[in-house]
Amino acid sequence: MVDEPKNNRRQFLQKAALGGALVGAISIPVLSKAGETEFPDNLPEWMRMPGGDFTNYGQPSPHEQQVIRWISANPDAPGNGVSWTPLHDLQGTITPNGLHYERHHNGVPQIEPNEHLLVIDGLVDKALSFTVDTLMRYPMVSRLCFIECGGNSNSGWRSNPIQSQAGYAHGLVSNAEWTGIPLKLLLEEAGVQVTAKWAIAEGADASALNISIPIEKLLDDAILALYQNGERIRPENGYPMRLVLPGWEGILNVKWLRQLHLTASPAMSRDETAQYTELLPDGKARQFTFVNEAKSLITSPSLGMMLPDNPGIYQISGLAWSGRGKIVRVEISADGGESWTDAELQEPVLDKAFTRFSIPWKWQGEYAILQSRASDETGYVQPTRDALIENRGKHGFFHYNAIISWEITEEGDINHVYGF
Amino acid sequence: MSMVSKLSIPALFVLSALVAAEPTHQNLGLDAGVLSQEPQWNLTISPDGKNLPEGKGTAAQGKEIFALQCAGCHGPEGIGASADPLMGEVGSLTSDFPEKTVNSYWPYATTLFDYIRRAMPIDAPFSLTADEVYALSAYILSQDGIIASDVELNRKNLPQVTMPNRDGFIAIYPE
């Protein structure tokens, strides 16, 4: 009995392939056994015995164990690094919480929520502190938005294209529904003084990460987020609370937020000077480059996959996003940018959020270079790699948003190339 | 069904009237006027030196601390190991191989104190004394001649240090 199910399953697949009439014919000997029907022999084992137990917290199928964040950290300091969202293995637009990208500067703090305080002080009428419990009583809003690390796709600056799967080269970006308190409410309660132009945000991790954020953004659409995709934010994404600044680079979306100290000028902290600034060819560096500009990525077909049928029809699918607003157009090229066709955008198309695009493609064994090019509602068009490098040089490291190219060989293999 | 509708419509009007007349939430923030003066809520050190603690240290003292606390990840010369490069490469930013060290790239010396104290050494942040952080700052800066090797750094003179790349940044915000 224990060994039977596998055999039965194989027979089922064979019979199914042969067609209904033959299934009946083969089943006759089984029917001859008293008290049995044809079904046990034809149905998979999971239909013939009770299933597994209820679970307090569900997990993905064991058959999906390869769908993981790819961790890349410093061996000397394993808490300092990133993990990449496997965008190439996901569909739709929502990043599951266990797969949201991570950037930690010194590990994931295990914060006791009853001991955590948020302090708002500096250039305010009245310095205030908030416990987690009191914050839970404030009115909350929810919004979907992407968060993208300023260093996402930075391998694109290298001379040779990295041969990593789509998410493991471009997946320091994820998209979730964040729920929390409009930061404006808390700032107004403290009373923002007219001289306050910046807030120095500080996290309660073991790097006490501090970075300066324009007060204008905090009074606009910033959220003090407590929930991610409906559940409390997980430790690696900022439990018990984090900043969410829609459309602005990840480093500003400070996790484990403990303080907003309002000031007249920025702190010039390490992460707004030494890091997250972009060196130009003339030796000057762009600083306070907060917005993630429009970008797109074909997630399928992409490196690590192959095209099995020639000729075959394939669904080109991918993600586009812009820190300045809605995506209005994604164009696809199969000839390395010679000609472009509009992809279909999956509704709803939301402000500063992942937009899924798709278009069917008939491949007939020809050499091809697949590219996607996003445009946002401000009229900004995702640049070619040549144009980006022309403007910024090769040593900017951050904010790489050039068109990404997948080479399809005549054998149906897929490589990362820099296009034409 | 129709009865439910008749009941719920007047109820909604009452609710919206209440909301319009009353605040939507209570202000629940606690007065942090005293708490926010405590050192643990004043960690950030500004370019003008605000929040720098009392203390002092020299490059000679810093050299010994560096060997014990920093060289393991940053390398004995402060460059070329697994952690970010700290020293050397001043003037390299326009070259084909620019190296963004503390001394070649960072615009403010106060940031060095701020970052060492809050984040280093990476296995024991906040474990160094103020004197040790001043000494490490003096050692790193003196290696490229940004300060003289005999300068004792303290809360008064650290903000006065002029970094080589002080004017190397272009603010993109506000646009």
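Author: Two strands pair if DSSP finds at least two bridges between them. Keep that rule handy while we go through this predicted model.

Reader: Okay, so what makes strand 8 and strand 13 of chain A a pair?

Author: Count the bridges: six of them join strand 8 (residues 198–203) to strand 13 in chain A, and the rule asks for at least two. So they pair by that rule, and the two run antiparallel. If you want a spot to look at, A:Ala201 stands opposite A:Leu260 of strand 13.

Reader: Which sheet are those two strands in?

Author: An open one with six strands, ordered 9(A)-8(A)-13(A)-4(A)-5(A)-1(B), and its pairing is mixed.

Reader: What makes a strand an edge strand here?

Author: An edge strand pairs on one side only. That holds for strand 9 (210–214) of chain A and for strand 1 (30–31) of chain B.

Reader: Let's turn to helices. Why are helix 2 and helix 6 of chain B called roughly perpendicular?

Author: Look at the crossing angle. The axes of helix 2 (residues 59–69) and helix 6 (residues 130–142) of chain B cross at roughly 100° and come within 7 Å. The roughly perpendicular range is 65 to 115 degrees, so this pair gets that label.

Reader: Which residues make that contact?

Author: Among them are B:Ile65 and B:Phe66 from helix 2 of chain B, and B:Leu136 and B:Tyr139 from helix 6 of chain B. By class, the contact has seven nonpolar, three polar and two charged residues.

Reader: Is A:Ser153 buried or exposed?

Author: Buried. The cut-off is 20 or more other C-beta atoms within 10 Å, and A:Ser153 has 22 such neighbours, so it counts as buried.

Reader: And what about A:Met268: buried or exposed?

Author: With 21 other C-beta atoms within 10 Å, A:Met268 is buried too. A:Met268 also has a positive phi, about 55°, although it is not a glycine. Its place is the loop between strand 13 (257–263) and helix 8 (270–273) of chain A.

Reader: What percentage of chain A counts as buried?

Author: Of its 420 residues, 45% do.

Reader: Where are the cis peptide bonds you'd point me to?

Author: One runs from A:Tyr239 to A:Pro240, with omega near 5°; A:Pro240 sits in the loop between strand 11 (231–232) and strand 12 (242–244) of chain A. Another goes from A:Glu347 to A:Pro348, with omega near -5°. The loop holding A:Pro348 lies between strand 20 (344–345) and strand 21 (355–363) of chain A.

Notes:
Residues are numbered from 1 along each chain as its sequence is written. Chains are lettered from A and ligands numbered from 1 in the order in which they are written. This is a predicted model: local features need pLDDT of at least 70, side-chain atom pairs count only at pLDDT 80 or more; totals for chains, interfaces and linings use all residues. Helices (H or I, at least four residues) and strands (E, at least two) are DSSP runs, numbered from the N terminus. A residue is buried if 20 or more other C-beta atoms lie within 10 Å of its own, exposed if 12 or fewer, and partly exposed in between; C-beta atoms are placed from the backbone. Axes are lines fitted to C-alpha atoms, for helices over the stretch in contact, and angles run from 0 to 180 degrees between N-to-C directions. Angles under 35 degrees count as roughly parallel, over 145 as roughly antiparallel, 65 to 115 as roughly perpendicular and the rest as oblique. Two residues are in contact if their C-beta atoms, placed from the backbone, lie within 7 Å. Ala, Val, Leu, Ile, Met, Phe, Trp, Tyr, Cys and Pro count as nonpolar, Asp, Glu, Lys and Arg as charged, and the others, Gly among them, as polar.
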